[in-house]
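Here is a colleague's note to read beside the model. Please keep the sequence open while you go through the points.

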Protein chains: 2
Amino acid sequence: VVLVAHGSRAAAANQAHLDLAAALDARVGPTVVGAFMELAEPSIADAVARAAEAGATVVAVLPYFLHPGRHQRVDIPQLVADAAETRPGVEIRLLDPFGSDPAVLDLLAGQVARSLLPS
Amino acid sequence: VVLVAHGSRAAAANQAHLDLAAALDARVGPTVVGAFMELAEPSIADAVARAAEAGATVVAVLPYFLHPGRHQRVDIPQLVADAAETRPGVEIRLLDPFGSDPAVLDLLAGQVARSLLPS
């Protein structure tokens with residue numbers, strides 16, 4: 001699983017994303033690695049190449065994005081298609097973006113409820 | 001509750017954020033409105049002003065951001081402080097950003113698990 005963030009000029013934000021990918025890797029069965037659409041390394045193509053070299057035959061790309069927009073609709077599908085072309089033996093699945101999960105609303109509702117508790 | 005997104009040049013992304021705020025409003029007790037850090041309207045200050053005019057005495061600002069960075073650390077606190085200065089009668093609470101919720105990892109784990117199901 002390649003967990004893709006936008007990528008930032010702030011090293012701390014990129015590191016936080018790699019830390020999140022490591023936490024997810026520790027939590028789920030398949031191997032999870034972090035990657036970045038732009039501005040940071042590894043790229044989607046690098047992450048797919050490394051997965052293939054490690055023997056992966058299926059790679060799921062999970063966009064860690066909240067809002068629908070050009071990145072989700074155009075840029076990431078294009079980067080995934082480019083990566084797929086260079087790795088014809090690997091099945092690459094582009095998953096729905098994180099923010100499209102209806103459970104996001106549950107998290108927000110919980111955050112609002114906690115904000116109302118007396119501090 | 002003011003749910004703050006970054007703001008986009010893509011009108012559809014901004015509309016998606018306002019739709020999410022409306023869905024959250026329908027779900028929780030307090031009134032929820034969407035706002036934007038930049039690039040779209042309403043601003044945080046506008047949303048706080050409207051809440052105050054509607055009689056709110058406490059406004060919770062919830063940054064709908066995934067990654068820690070300059071926006072979370074500097075820009076949004078500054079915009080919230082500016083809004084607070086113009087509305088001394090209103091208590092403004094800046095909540096932890098959406099992405100800092102440990103439950104984000106649960107959502108991601110569920111998304112990975114579903115991606116492994118035969119389609």
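1. **Terms and ground rules.** Buried means under 20% relative accessible area, exposed means over 50%, and partly exposed lies in between (1.4 Å probe, protein chains only). Helices (H or I, at least four residues) and strands (E, at least two) are DSSP runs, numbered from the N terminus. This is a predicted model, in which local features need pLDDT of at least 70 and side-chain atom pairs count only at pLDDT 80 or more, while totals for chains, interfaces and linings use all residues. Residues are numbered from 1 along each chain as its sequence is written, chains are lettered from A and ligands numbered from 1 in the order in which they are written, and side-chain values use heavy atoms, with hydrogens and water left out.

2. **Confidence.** pLDDT is the predictor's confidence in each residue, from 0 to 100. Chain A averages 94, and 98% of its residues score at least 70. Within chain A, helix H3(A) has the lowest confidence, at a mean of 92. Strand E2 (residues 33-36) of chain A has the highest, at 98. The model scores ipTM 0.93 and pTM 0.93.

3. **Helix H3 of chain A.** Which residues of H3(A) are buried? They are Gln72(A), Ile76(A), Val80(A) and Ala83(A). An α-helix has 3.6 residues a turn, so residues three or four places apart point the same way. The cover over the buried residues of H3(A) includes strand E1 (2-5), helix H2 (44-53), strand E3 (58-63) and strand E4 (91-94) of chain A.

4. **Length and kink of H3(A).** The expected span of a helix is 1.5 Å times one less than its number of residues. For the 17 residues of H3(A) (residues 70-86), that gives 24 Å, and the end C-alpha atoms are 24 Å apart, which agrees. There is still a kink of about 25° at Ile76(A), shortly before the proline Pro77(A). The bend at a residue is the angle between axes fitted to the seven residues ending there and the seven starting there.

5. **Strand E3 of chain A.** Five of the six residues of E3(A) are buried, so the strand is largely enclosed by the rest of the structure. Two strands pair if DSSP finds at least two bridges between them. E3(A) runs parallel to E1(A), joined by three bridges. Pro63(A) is the bridge partner of Val4(A) there. E3(A) also pairs in the parallel sense with E4(A), over four bridges. In that pair, Val61(A) stands opposite Leu94(A).

6. **The sheet of chain B.** Four strands form an open, parallel sheet in the order E2-E1-E3-E4. Strands E2 (33-36) and E4 (91-94) of chain B stand at the edges with a single partner strand each, so one side of each has no neighbour in the sheet. The twist averages 25° from one strand to the next. Axes are lines fitted to C-alpha atoms, for helices over the stretch in contact, and angles run from 0 to 180 degrees between N-to-C directions. Strand E1 (residues 2-5) of chain B is joined to E2(B) by four bridges. Ala5(B) stands opposite Phe36(B) in E2(B).

7. **Helices across that sheet.** Contact means heavy atoms within 4.5 Å. Helix H2 (residues 44-53) of chain B lies across E1, E2, E3 and E4 of chain B, at about 150° to E2(B). Its buried residues are Ile44(B), Ala47(B), Val48(B), Ala49(B), Ala51(B) and Ala52(B). They pack against E1, E2, E3, helix H3 (70-86) and E4 of chain B. Just after H2(B), Gly55(B) takes a positive phi of about 105°. Helix H4 (residues 103-115) of chain A lies across E1, E3 (58-63) and E4 of chain B, at about 145° to E3(B).

8. **Ala109(B).** This residue lies in helix H4 (residues 103-115) of chain B. Is Ala109(B) buried or exposed? Ala109(B) is buried, with a relative accessible area of 11%. Leaving aside neighbours within four places in sequence, Ala109(B) is in contact with Leu24(A), Arg27(A) and Val28(A).

9. Asn14(A) lies in helix H1 (residues 11-27) and counts as buried at 11% relative accessibility. Not counting residues up to four places away in sequence, Asn14(A) touches Gly7(A), Ser8(A), Phe36(A) and Ala40(A). Val33(A), in strand E2 of chain A, is partly exposed at 34%.
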